Amino acid sequence: MKLAYNLQTWRSIQTLSILLVASIISACTTISPPEQASSNTNNASSVSKNQPSPSIIIPSRSSKAILEDIIKYRSDKGMKIRSRGNQRVEMMMPMSNTSIPTEARMQYILTQTEQGWRINVRVFQISNPGSKQESVQEITQALADKLAEELALYAKIATKR
């Protein structure tokens, strides 16, 4: 029974990873990340403090404008706002083709620096959301390259305005 559950969980992780990568790839163009891009910055307010999350610094934009860019981009990909604050937004999307109820969540947190606003992003897979069997797994590192490309897109948008 435990083996079957682990196999089911593994298949759900694979399916979610494939769908998230496909979603990110479909939205990204080939862009060279700006020099400010960094994937080695820890975010003190995140769930997993031990692993770095992809990040980028965007100068000369307000946090509100940056969050609006993120929300528009992710909404166009089928995600919905789960929660929002002045310097953070969490987007979610139920995943189809999974053997158990599963949803993807993306957490964007903005932190002000001397150079501008730093955006950190983390991705989570939630199995059985809202139930006693809910399981949260961070999959940010598996998608780090595609997330860095997405962040570079926000920097490119910022330079056009």
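Visitor: Is the crossing of α2 and α3 left-handed or right-handed?

Guide: In this predicted model, the crossing of α2 and α3 is right-handed. The axes of helix α2 (residues 63–76) and helix α3 (residues 144–160) come within 11 Å of each other and cross at roughly 125 degrees. Angles of 65 to 115 degrees count as roughly perpendicular and those over 145 as roughly antiparallel, and α2 and α3 are therefore oblique to each other.

Visitor: How many salt bridges does the structure hold, and where does the pair R122 and E138 lie?

Guide: Side chains of opposite charge can pair when their charged atoms come close. The structure holds nine salt bridges, and one of them joins the side chains of R122 and E138 at 2.5 Å, N to O. This pair links distant parts of the chain, with R122 in strand β6 and E138 in strand β7 (residues 135–138), 16 residues apart. R122 is buried, at 2% relative accessible area, whereas E138 is partly exposed, at 22%. Salt bridges that share partners also join R82, R88 and E90 into one network, in which the side chains of R88 and E90 meet at 3.6 Å, N to O.

Visitor: Are D69 and R61, which meet in a salt bridge, buried or exposed?

Guide: Both D69 and R61 are buried, and their side chains meet at 2.6 Å, N to O.

Key:
Residues numbered from 1 in each chain as written. Predicted model: local features only at pLDDT ≥ 70, side-chain atom pairs only at ≥ 80, totals over all residues. Heavy atoms only, no water. Axes fitted to C-alpha atoms, helices over the stretch in contact; angles between N-to-C directions. Helix = DSSP H or I, 4+ residues; strand = E, 2+ residues; numbered from the N terminus. Parallel < 35°, antiparallel > 145°, perpendicular 65-115°, else oblique. Left-handed = near helix turned anticlockwise from the far one by under 90°. Salt bridge = Lys/Arg side-chain N within 4 Å of Asp/Glu carboxyl O. Buried < 20%, exposed > 50% of the residue type's maximum accessible area, 1.4 Å probe, protein only.
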